[in-house]
Amino acid sequence: MLDIKITKTTNPKQKPAADQPLKFGKIFTDHMFVMNYTEGKGWHDPRIVPFQNISLSPAAMVYHYGQEMFEGLKAYKGENGEIHLFRPDMNAKRTNVTNERLCIPQIPEEDFVQAVKAVVDVDRDWVPSAPGTSLYVRPFIIATDEFLGVAPSQTYLFMVILSPSGAYYSSGLAPVGIWIEDEYVRAVRGGMGFAKTGGNYAASLIGQVKAHDGGYSQVLWLDGVERKYIEEVGAMNIFFKIDGKVVTPVLNGSILPGITRDSTINLCKSWGIEVEERRISVDEVIEAQQSGRLEEVFGTGTAAVISPVGKLRYVDDVMVINDGKIGELSHRLYETMTGIQYGKIDDPFGWRVTI
Ligand SMILES: *Cc1c(COP(=O)(O)O)cnc(C)c1O
């Protein structure tokens, strides 16, 4: 149990007006959580302070070799003003999986969850209430040693910042066009594809730029060895519904284990839908499409929850999925998951954590 010292701002910011459209990740709340790590001492000085700039040496290791990690989750406001988190214990677990890969010290899961809850509680009035809006929660850790040698840092900062965010879909679930990248790759087995770390995103930007230039909103990555098997989309995992069965790439070390992915698999199974976690090649998807067996394609991630795919481009092929319309399963998953998140429906899995 952390003994968190709280220093409240004496100069609170103006909150965005309820009818003001919020962008993603542009404005921040009044407070943030900070905790230091020092080798030999462990994590220490957990505190909530006014949101402010931090000062680091230009030689701080994070700037040079990218030793850092991050998480992403949301706080949702229910109809009676209560604030809910969705499976924050899973973010805590994944933090330590990422930390292990990046040689960052472990954080006790309960401390991670306590920190998130505490800072959201201090800024609970910042959780927006318009339909589909939420407070985005961004925990992250950076290496802070002033040292240009390549080695794990001996000091770190763990911080949690908060950003009120608009509805991902301004006018209901909308299908997206996805670019299957056939040149660049995001991650390889043995690398750090399964870890939530900035370096993976740095490697992905060029594909994202290519996709945008081609008129597509997101990239679908193929495996780093044969460029043949489907891995995942930018910041989403990917699902296919083929012949009534749900298929998603198996977690093979180069794919990020999404919490929305796990929730989707659990919901589908609870509805009696068969789910296969296995390798799936781009050829298999094209073949399923050509023979009329590809029923739905959708991405899963905290930002969009469910993102139906209307169009998939691969080299010279453009596949239109389900006539560019939202599939029945995509819709049901979206309604159920957001229903649980906002406290509108029962939570049979115990995923909701109310603050
Ligand atoms: C965070 C992330 C996801 C989605 O994970 P969720 O826990 O469902 O939000 C998928 N892919 C990548 C690369 C990610 O960073």
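Student: Is V305 buried or exposed?

Tutor: This is a predicted model, and the accessibility is computed from it. V305 lies in strand β16. The cut-off for buried is under 20% relative accessible area. V305 has 6% relative accessibility, so V305 counts as buried.

Student: What is the phi of V305?

Tutor: Most residues other than glycine have a negative phi. V305 is a residue other than glycine, yet its phi is positive. The value is near 65°.

Student: Which value does phi take in D323?

Tutor: D323 is in the loop between β17 (317–320) and α7 (328–341). D323 is not a glycine, but its phi is positive. The angle is about 55°.

Student: Is D323 buried or exposed?

Tutor: A residue counts as exposed when its relative accessible area is over 50%. D323 has 62% relative accessibility, so D323 counts as exposed.

Student: Which residues does A303 touch, not counting residues up to four places away in sequence?

Tutor: A303 and F24 are 279 residues apart along the chain, and their C-alpha atoms are separated by 9.3 Å. The contacts of A303, leaving out residues up to four places away in sequence, are K74 and Y168.

Student: Where does the ligand sit?

Tutor: The ligand has 15 residues around it, and the closest are K196, Y201, E232, T260 and T302. As for its site, the ligand sits in the largest pocket.

Student: How far is an oxygen atom of the ligand from a polar side-chain atom of T302?

Tutor: T302 is one of the closest residues to the ligand. K196, another of these, has a side-chain N or O atom 2.7 Å from an oxygen atom of the ligand. I259 places a backbone N or O atom 2.8 Å from a ligand oxygen. For the polar side-chain atom of T302, the distance to an oxygen atom of the ligand is 2.6 Å.

Student: What part of the ligand's accessible area does the protein cover?

Tutor: On its own, the ligand has 380 Å² of accessible area.

Student: What is the distance between the C-alpha atoms of I178 and V309?

Tutor: I178 is in strand β9 (residues 176–180). I178 is buried, because its relative accessible area is 0%. Leaving aside neighbours within four places in sequence, the contacts of I178 include Y216, V233 and V309. I178 and V309 are 131 residues apart in sequence, and their C-alpha distance is 7.0 Å.

Student: Which backbone oxygen does the side chain of N96 reach?

Tutor: N96 is found in helix α2 (residues 88–101), and its relative accessible area of 9% makes N96 buried. Apart from residues up to four places away in sequence, N96 touches Q106, I107 and E109. At 2.7 Å, the side chain of N96 reaches the backbone oxygen of I107.

Student: At what distance does the side chain of T133 reach the backbone oxygen of P128?

Tutor: T133 is found in the loop between α3 (109–122) and β7 (134–143). T133 is buried, with a relative accessible area of 8%. P128 is among the residues that T133 touches, as are S165 and Y342. The side chain of T133 reaches the backbone oxygen of P128 at 3.4 Å.

Methods
Residues numbered from 1 in each chain as written. Predicted model: local features only at pLDDT ≥ 70, side-chain atom pairs only at ≥ 80, totals over all residues. Heavy atoms only, no water. Helix = DSSP H or I, 4+ residues; strand = E, 2+ residues; numbered from the N terminus. Buried < 20%, exposed > 50% of the residue type's maximum accessible area, 1.4 Å probe, protein only. Contact = heavy atoms within 4.5 Å. Near = heavy atom within 4 Å. Polar contact = N/O pair within 3.5 Å; in protein donor to acceptor, adjacent residues only side chain to side chain. Areas by Shrake-Rupley, 256 points an atom, 1.4 Å probe, with all protein chains shown as cover. 1 Å grid on protein atoms, 1.4 Å probe; cavity = no way out; pocket = protein on both sides within 12 Å on 5 of 7 lines; lining within 4 Å. Sits in = over half its atoms within 2 Å of the grid points.
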